[in-house]
Amino acid sequence: MPNKYPEEIKKQAVQSYKDGQPVSEISKELQIPFGTVYRWIDEYRSCISNDFDFTPAKFKALSRQLDRANHLLRIIQLSKLIDEVPLRKRLEILADIYENETYSVHELCDALNVARGTFYNHIFRRADRTEYLKKQKELMLLVQQIFDENGQRFGAEKIRIILAEHGFRVGTKTVSKIMQELDLHSIRSDAKRSYLKQQENRRKNLVQQNFTAERPNQIWVSDITYFKVNNYPLYLCVIIDLFSRKVIGYKVSKNQSTHLVTSTFKHAFEERGTPNGLIFHSDRGGQYISGTFTKLLRNNGVQQSFSASGRPCDNAVAETFFATFKKEEAYRRTYSSEQDYRKSVERYIEFYNEKRPHRSLAYKTPSHFEELFGKK
């Protein structure tokens, strides 16, 4: 049965009652039965607390929503799916939410069944780890600088002493480990001839800013950049074929390590059919000059080429790609997580290779340019 009284009349009656007018007078004035006026008063009576002001109808609706939310939560708990997610993964998820949202630690930990103490330990370790990586990078640069400034004469112990003068208290074993990572070897007093030959053959620039190639898999260039996601650095390593400017290998990592470079190269080398006669060009970053990486290239018959120190233009193709990626993609996004950033990198590199025309390729895409070469 349709309601014959408009909302305005109902609200007028209820307001008159609130203002102190008796129900009998309201009924008589509006010519409405007593019972109807009382029903309206009950229906429109506000439930008031410090935080809310709502009618019984709204209260019932909120109760139904709360019941549904409790049922959904109970279903999730009974499924035990949350417990199947590794604790480390849950901690990473919670840390990202904690840094970007306003939920309390109690709410976060209860939601994914994580002990609050465990979560606090994780976020403290995460902050410490970022600081450790920063100091480690600074230490590696200092070791390289001390080694070069002293004519590559000093071993780990002498470098340790100089580091101590700069305020870095580290052990000889730590310095020795860094030197191995950077492939630094002090000169023996009786090795002048060997030294001169080594300097002649090591770290040559075989590209000399001639960023062209006659065929695919003739010259590859590589570099590493970083981008902060939730104030946490993520490192992107790419390998580009100079012939087509195609990104033929890339990886994202939380660590700027030799493993990042070696794994990126191995993947690209396999994907491109383990080519012969390849030149690999990069800057002189610790990852590229490490003994592990140079040995990997040597074992695969790859010649290594290096930019001159302090000359980013010697690796301009890789530098330009990173600048383009950041302007066209990264700076235009707000990343919610590491996974979000990884997907963004993947999407952009696919776009870059398959859809983005390149001026140096007569406005063809890198993939199309290689296809045309294959048809010749």
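A residue counts as buried when its relative accessible area is under 20%. The model shown in these close-ups is predicted.

**View 1. Asn 217, a buried residue with a positive phi.** Asn 217 has a relative accessible area of 13%, so it is buried. Asn 217 sits in the loop between α11 (192-201) and β3 (219-229). Its phi is positive, about 60°, although Asn 217 is not a glycine.

**View 2. Arg 245, a buried loop residue.** Look in the loop between β4 (232-241) and β5 to find Arg 245. Arg 245 is not a glycine, yet its phi is positive, near 60°. The relative accessible area of Arg 245 is 13%, so this residue is buried.

**View 3. Lys 254 and its salt bridge to Glu 92.** Glu 92 and Lys 254 form a salt bridge. Their closest N and O atoms are 3.7 Å apart. Glu 92 belongs to helix α6 (residues 87-100). Lys 254 lies in the loop between β5 (246-253) and α12 (258-271). The two residues are 162 residues apart, so the pair links distant parts of the chain.

**View 4. Lys 254 and its salt bridge to Glu 338.** Lys 254 also forms a salt bridge with Glu 338. Here the closest N and O atoms are 3.5 Å apart. Glu 338 is in helix α15 (residues 338-354), and Lys 254 is in the loop between β5 and α12. The pair therefore ties together parts that are 84 residues apart in sequence. Glu 338 has 21% relative accessibility, so it counts as partly exposed.

**View 5. Glu 370 and Arg 272, a buried salt-bridge pair.** The closest N and O atoms of this salt bridge are 2.7 Å apart. Glu 370 lies in helix α16 (residues 366-375). Arg 272 lies in the loop between α12 and β6 (279-282). Parts that are 98 residues apart in sequence are therefore tied together by this pair. Both Glu 370 and Arg 272 are buried.

View 6. For the model, the count comes to 9 salt bridges.

**View 7. Helix α2, with buried and exposed residues.** Helix α2 spans residues 23-30. Val 23, Ile 26 and Ser 27 are buried in this helix. Seen down the axis of α2, the buried residues fall within an arc of 100°, so they line one face of the helix. An α-helix has 3.6 residues a turn, so residues three or four places apart point the same way. On the other side of α2, Lys 28 and Glu 29 are exposed. Gln 31 follows α2. The phi of Gln 31 is positive, near 55°.

**View 8. Helices α9 and α10, packed together.** Helix α9 covers residues 156-165, and helix α10 covers residues 172-182. The two helices pack at an angle of about 110°, with their axes 9 Å apart. That angle makes α9 roughly perpendicular to α10. The crossing of α9 past α10 is right-handed. On the α9 side, Ala 156, Glu 157, Ile 159, Arg 160 and Leu 163 take part in the contact. They meet Thr 172, Val 175, Ser 176 and Met 179 in α10.

Terms used
Residues numbered from 1 in each chain as written. Predicted model: local features only at pLDDT ≥ 70, side-chain atom pairs only at ≥ 80, totals over all residues. Heavy atoms only, no water. Salt bridge = Lys/Arg side-chain N within 4 Å of Asp/Glu carboxyl O. Helix = DSSP H or I, 4+ residues; strand = E, 2+ residues; numbered from the N terminus. Buried < 20%, exposed > 50% of the residue type's maximum accessible area, 1.4 Å probe, protein only. Arc of directions from axis to C-beta. Axes fitted to C-alpha atoms, helices over the stretch in contact; angles between N-to-C directions. Parallel < 35°, antiparallel > 145°, perpendicular 65-115°, else oblique. Left-handed = near helix turned anticlockwise from the far one by under 90°. Contact = heavy atoms within 4.5 Å.
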